[in-house]
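Have a go at each task before reading its solution.

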Amino acid sequence: MTSPALVRSDTAFQRGALTALRTGVLVLATLWVLGPLFFMVLASFKTVPEFFMNPFGFPKELAFSNYTRAWSDAHVSVTLPNTVIVTSVAVVASTLLSAMIAYGLSRKEKRFAMGLYTLFVAGLLVPVHAIILPLFIVLKHLGLLGTLLALILPYTAMGLPLGVLVLTPIAAALPRDLVHAARLDGATEGQIFWKVVLPLMKPGLVSVAILNGVWMWNEFFIPLIVSFKPEAQTMPVGIVSFIGSYSTEWGLVFSSVVISTLPVVVAYLLMTRQFQSGLTAGAIK
């Protein structure tokens, strides 16, 4: 017969083994993600001969000449502000529109709410390559090709499916007594949305903004087709065109990639708690 002390010892051993296994998997996943970023930063300080002689080693000196040349030669001084403007405007517009749509769809008494919700979410299944030709024709007739609006408008529309998917359950979980109380106090529907509903959806809004912001920041195919003028290019297109012109200047390429990656990483680190809260807000109702 097994003694209670032996059972407790086996249970403690199993828990310790599971904890060690979980920790090992997390360490490997962390190294898998951070390893390429680490070598990318190292390569951004190397000259071309040093990069090919020792691609994974430390640079002989931390020279920032690659960053200064990338700012001027690779036109980062143009593509970075363009990327910031396009991403910021499109994220704000798509997030606010998604919140309005989600609030309206969450009122289940409205007819066709579920059908409209399904229609919006189905937009996630449409690949960008399937809409690029009609998008190009529409933008051409509007005279927007080669401008930042040619990116802001499609990004705003393409950000709606994810926003509606995330925000509708959060809006449906909001206590309706608050809305009724605001109506009894004489608030209009617009005042209720801006002063009552929108603040309560803040974690979800942050999640949608981060998720949409990351793909808008890194999007390559749409800017390549509709924003072909140098003064309207974004960073992904600018970096690729830079590779074609200076095929051996890998230090400049990696320094441009570091500049492009840094704002996204900082934004994610500053809003990690809100991001996690937003992803789970609609799932714990």
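**Exercise 1. Work out the order of the elements from the N terminus on.**

Solution. Start at the N terminus and read along: the elements run α-α-α-α-α-α-α-α-α-α-α-α-α-α. Next, count by type, which gives 14 helices and zero strands. Here helices (H or I, at least four residues) and strands (E, at least two) are DSSP runs, numbered from the N terminus.

**Exercise 2. Find where confidence is lowest and where it is highest.**

Solution. This is a predicted model, in which local features need pLDDT of at least 70, side-chain atom pairs count only at pLDDT 80 or more, and totals for chains, interfaces and linings use all residues. Residues are numbered from 1 along each chain as its sequence is written, and side-chain values use heavy atoms, with hydrogens and water left out.

Begin with the whole protein: the mean pLDDT (the predictor's confidence in each residue, from 0 to 100) is 83, and 88% of the residues reach 70 or more. Then go by element: helix α14 (residues 272–281) is lowest, at a mean of 66, while helix α7 (residues 149–172) is highest, at 92. A word of care: where pLDDT is low, the predicted coordinates should not be read in detail.

**Exercise 3. Describe how α7 packs against α10 and against α4.**

Solution. Take helix α10 (residues 202–218) to begin with: α7 and α10 pack at about 150 degrees, their axes 10 Å apart. Axes are lines fitted to C-alpha atoms, for helices over the stretch in contact, and angles run from 0 to 180 degrees between N-to-C directions. The pair is therefore roughly antiparallel (under 35 degrees counts as roughly parallel, over 145 as roughly antiparallel, 65 to 115 as roughly perpendicular and the rest as oblique).

Now turn to helix α4 (residues 76–105), whose axis comes within 7 Å of that of α7, crossing at roughly 40 degrees. That makes α4 oblique to α7.

**Exercise 4. Is Ile170 buried or exposed?**

Solution. First locate Ile170, which is found in helix α7. Its relative accessible area is 6%, so Ile170 is buried (buried means under 20%, exposed over 50%, partly exposed in between, with a 1.4 Å probe and protein chains only). Finally, look across to Ala102: Ile170 and Ala102 are 68 residues apart in sequence and 8.4 Å apart in space, C-alpha to C-alpha.
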